[in-house]
Amino acid sequence: MTAHLKKTRKLRGHVSAGHGRIGKHRKHPGGRGNAGGGHHHRINFDKYHPGYFGKFGMRFLHKKKNPTVCPVINVDKVWSLVSTQTRDHFAQRKDGKVPVIDCVRAGYFKVLGKGVLPKQPVIVKAKFFSYEAEQKIKAAGGVCVTVA
């Protein structure tokens with residue numbers, strides 16, 4: 001903003017410039033930043049930031065999040081990983097060849113058993129399979145292949 005639009009222009013000649021004679025406009029009267037969260041600003045911290053202070057639980061030293069990552073996909077969505085043309089192509093084949101659906105390549109590590117699977121054989125590759133998912137894939141004539 002340019003200087004001629006600022007409030008100070010209007011306040012020229014007014015002694016305390018709108019900050020009052022008694023309280024005075026001092027630099028940081030409440031402290032800088034989050035100062036006083038446990039003391040004079042306690043009400044604000046307790047009201048709007050509950051749980052800001054203190055600790056709970058045990059420390060996990062050098063926690064590696066990568067080993068615990070396991071994106072999941074349900075059996076009813078497995079066919080969405082390949083195109084409908086692929087599905088139709090393998091449905092019409094008579095030589096017994098079946099499509100291979102690699103869930104890991106699509107970013108899913110575990111296959112879960114929710115939903116129904118079409119009665120078309122398929123080879124499903126994943127790191128993990130739930131018991132129900134394995135039963136449903138086998139019931140459709142497919143195979144579960146675990147990959148590292």
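**Group meeting: rings, a core and some cysteines**

Okay, let's start with F45, which is buried, with a relative accessible area of 9%; buried here means under 20%, exposed over 50%, and partly exposed in between, using a 1.4 Å probe and protein chains only. Before I go on, this is a predicted model, so local features need pLDDT of at least 70 and side-chain atom pairs count only at pLDDT 80 or more, while totals for chains, interfaces and linings use all residues. Residues are numbered from 1 along each chain as its sequence is written, and side-chain values use heavy atoms, with hydrogens and water left out.

Back to the rings. The structure holds three aromatic pairs. Rings of Phe, Tyr and Trp (its six-membered ring) pair if their centres lie within 6.5 Å, and planes under 30 degrees apart are stacked, over 60 edge-to-face, the rest tilted. F45 and Y52 have ring centres 5.2 Å apart and planes at 65 degrees, so they're edge-to-face. Y52 and F53 are edge-to-face too, with centres 4.9 Å apart and planes at 90 degrees. F45, Y52 and F53 form one aromatic cluster. Y52 is partly exposed at 45%, and F53 is partly exposed at 48%.

What sits over the ring of W79? That's the charged end of R87, 5.3 Å from the ring centre. To count, NZ of Lys or CZ of Arg has to be within 6 Å of the ring centre and within 35 degrees of the ring normal. K127 has its charged end over the ring of F109, 4.0 Å from the centre.

R87 also leads us to Q120: the R87 backbone oxygen lies 3.1 Å from a polar atom of the Q120 side chain. Q120 is buried, at 10% relative accessibility. Leaving out residues up to four places away in sequence, Q120 touches W79, R87, F90, A91 and A140, where contact means heavy atoms within 4.5 Å.

On to the core. The largest nonpolar core has 17 residues, and V111 and I137 are among those with the most contacts inside it. By nonpolar core I mean buried Ala, Val, Leu, Ile, Met, Phe, Trp, Tyr and Cys residues joined through side-chain atoms within 4.5 Å.

Last, cysteines. C144 is buried at 16%, whereas C70 is partly exposed at 30%.

Terms used:
Polar contact = N/O pair within 3.5 Å; in protein donor to acceptor, adjacent residues only side chain to side chain.
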